[in-house]
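User: I'd like to go through this model piece by piece with you. Could you take my questions as they come?

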Amino acid sequence: MPSPEPLQEIASLREQLEAWNHQYYVLDAPTVPDAEYDRCMQRLLQLEQQYPQAWRADSPSQRVGGQPLQQFGQVTHEMPMLSLENAFSAEDMQHFNRRLLDRLGEDAGPLEFACEPKLDGIAVSLLYRNGELERGATRGDGTTGEDITHNVRTIRSIPLRLRGEHFPAVLEVRGEIYMPKAGFEQLNNRARERGEKTFVNPRNAAAGSLRQLDARITAERPLQMCCYGVGLVEGGQLPGRHAEVLARLHDLGFRINPESAVVQGVEACDAYFDALAVRRNSLPYDIDGVVFKVNDLALQQRLGFVSRAPRWAIARKFPAQEEMTRLLDVEFQVGRTGAITPVARLEPVFVGGVTVSNATLHNSDEIVRLGVQIGDTVIVRRAGDVIPQIVSVVLDRRPSDALPIEFPDKCPVCRSAVEREPGEAVWRCMGGLVCAAQQKAAIKHFASRRAMDVDGLGDKLVEQLVDAGLVENVAGLYALSKEQLLALERMGEKSADNLLAALQHSKATTLPRFIFALGIREVGEATALNLARHFGNWPALAAASEAQLLQVTDVGPVVADHLRQFFDSEASMRVVQSLQDAGVHWPDIERLPQQELPLVDQVWVVTGKLDALSRDEAKAHLQALGAKVAGSVSANTTCLVAGPGAGSKLSKATELGIEVIDEQALLQLLATHGINP
């Protein structure tokens, strides 16, 4: 028999995993990230394999999911809905492939695998009898699920009746119900506007939406369903390969994932995984890995099952995008517009493929919403290039010496007053150009590539120039001498000459770039271009009334107010005059009313990964040319800009005969109309 210590650890792990199962599957209130759950489950599996005498049928390792909610009717699955084994590396995949070949015989390889993104949603079973939807159920504990028929009927991607005529008399379709990223953001935005609690992530939102007793609420939620296989089949036959079954289901009216593929051999599985990992964050939905299945159903039958998972399938997980760590402190940074942003200093943690030690807390409202304190254990999320953020607090791990986070009443840089304008969530330093932090941020923005494009004027050099008292505002850049630059740390003669040459070169600019470079609040590149095209020259713009400003596309009351405040500021206009006196110049441009913009009345969609532009930048440039930029493809779409990784939107555009261009063609179009990103 094992010693008491392993038995105690096994009991503790089982208790903890059961608690997390209950929180996630029953209460819809997950408290730990997937990575922590996976680690505990892996440890339990290891101990149970090491000490088989401790095996118990009610261990979390022997079940899938949690108990069904009592408010719903219960459904017994005719065929159990099992879980999948996990792989976390290429080595794990090699071991998986070796087990398959050992069981099938060496002459079976290389095996053909069906590859599918592992959607981060809720597994469901849909039972069709004679082509009509009879029942929808959650996976539950794998044997017994919850009857959610009245809710799944509201999801438009689930057919109420199968298309065509030739299908089995009884067909159980299995798939994942999930919430796309765009729908998730819209749902949370509406919740914030109403002062309601927001959802932690799209999966949590999908689970909460499916478990509504009132199906009318579910109908309002942007849910989708993507099928990944079948269960019970009676009175008919389906094809003999998994990928062909999915194609048949697509013919019957189901959504299947356009990223699915069939590959030969485990090395090709690795290549598919790596390629999808690169594009993961550009997909319109969350995925947490890739599922690999032996494609031949006859081979699946031969391979069979273990107690909780099929032998013929495995889920290779991506590096965790959520992790737990400790909040060590909170510092407050001051931005270009005086906005004070709290930044969390974290105990370093590896998440989303990198080590994270800082995360944004956004503003004081977010701190209150999270209820976070210094010393708390927190869950941090990082997705691709998105700034890491704290998404929740693990309250049962709060230490007794945790400290509340106090927002400063004075600017942490210049000690000026801090104020919060009515209707805004952001506190701002009122020091303006007296504040060194705002000076530095304004100069960095002015010199940036999309503004005045001063090559060689990096962030560290800006810090030195302001700290040394050489530059107080952007106009001071053009008064710098070579002697002043050479006195700076690590500044050589060649670097000084190059910087002075870059400053001289930047004096010849364009009116849109100059307007954007001034850093007026809420005035981005697209708005700057619209202002320049509407007024044609700087004097006309600076003299415009709020009523005249409101006639410009993309300018509302808030932007018009910020513009007039800038133009009415003697200090701001002195800086503009100093820049012109220093030789900064631009040509006037031809005025172009909104109705004459080249893409007016056109609807454009941008999808996939872009290299030279972000998708937001592409959207802004297209809007500046008069286009409406939509999030989905429809018959009204004029053109689709498709980068690498374009999926269902590209397929739909091709199907509808809509023009499709790549990023290079977009850049050429923008250049034709005077936009050179």
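User: Which residue follows H21, and what is its phi?
Analyst: H21 is followed by Gly 583, which has a positive phi near 110°. Helices here are DSSP runs of H or I with at least four residues, strands are E runs of at least two, and both are numbered from the N terminus. This is a predicted model, in which local features need pLDDT of at least 70 and side-chain atom pairs count only at pLDDT 80 or more, while totals for chains, interfaces and linings use all residues. Residues are numbered from 1 along each chain as its sequence is written, and side-chain values use heavy atoms, with hydrogens and water left out.

User: How many residues has H21, and how far does it reach?
Analyst: Helix H21 covers residues 570–581, which is 12 residues, and reaches 16 Å from its first C-alpha to its last, close to the 16 Å expected at 1.5 Å a residue; the expected span is 1.5 Å times one less than the number of residues.

User: Which of its residues are buried?
Analyst: Ser 572, Val 575, Val 576 and Leu 579 are buried in H21, where buried means under 20% relative accessible area, exposed means over 50%, and partly exposed lies in between, using a 1.4 Å probe and protein chains only. These residues cover an arc of only 95° around the axis, which puts them on the same side of H21; the arc is that of the directions from the helix axis to the C-beta atoms. On the other side of H21, Glu 570, Arg 574 and Asp 581 are exposed.

User: What do the buried ones pack against?
Analyst: The buried residues of H21 pack against helices H12 (436–447), H16 (511–517), H18 (538–542) and H20 (557–568).

User: Where does Phe 566 lie, and what is it in contact with?
Analyst: Phe 566 lies in helix H20 and is buried, with a relative accessible area of 14%. Leaving aside neighbours within four places in sequence, Phe 566 is in contact (heavy atoms within 4.5 Å) with Leu 518, Ile 520, Trp 538, Ser 572, Met 573 and Val 576. Phe 566 and Gly 519 are 47 residues apart in sequence, and their C-alpha atoms are 9.9 Å apart in space.

User: Switching to H13, which residues there are buried, and which are exposed?
Analyst: In helix H13 (residues 459–467), Leu 461, Val 462, Leu 465 and Val 466 are buried. They cover an arc of only 130° around the axis, which puts them on the same side of H13. The face turned away from that buried side carries the exposed residues Lys 460 and Asp 467. The buried residues of H13 pack against H12, H14 and H15, and just after H13, Gly 469 takes a positive phi of about 75°.

User: Which residues other than glycine have a positive phi?
Analyst: Among them are His 362, with a phi of about 70°, and Arg 490, with a phi near 55°. As background, most residues other than glycine have a negative phi. His 362 is found in the loop between strand S14 (354–360) and helix H11 (364–370) and is partly exposed, with a relative accessible area of 37%. Arg 490 is found in the loop between helix H14 (482–486) and helix H15 (493–506) and counts as exposed at 71% relative accessibility.

User: On to strands: is S21 enclosed or open?
Analyst: 5 of the 5 residues of strand S21 (residues 603–607) are buried, so S21 is largely enclosed by the rest of the structure. Both faces are covered, with Val 603, Val 605 and Thr 607 buried on one side and Trp 604 and Val 606 buried on the other.

User: Which strands does S21 pair with?
Analyst: Pairing requires at least two DSSP bridges between two strands. S21 pairs in the parallel sense with strand S22 (residues 628–630) over 3 bridges, and Val 603 stands opposite Lys 628 there. 4 bridges join S21 to strand S23 (residues 639–642), which also runs parallel, and Trp 604 has Cys 639 in S23 as its bridge partner.

User: Last topic, how many disulfides are there?
Analyst: The count comes to 0 disulfides, a disulfide being a pair of cysteine sulfur atoms within 2.5 Å. The sulfur of Cys 429 is 3.5 Å from the closest cysteine sulfur, in Cys 414, too far for a bond. Cys 435 is in no disulfide either, and the nearest cysteine sulfur, that of Cys 411, is 3.9 Å away.
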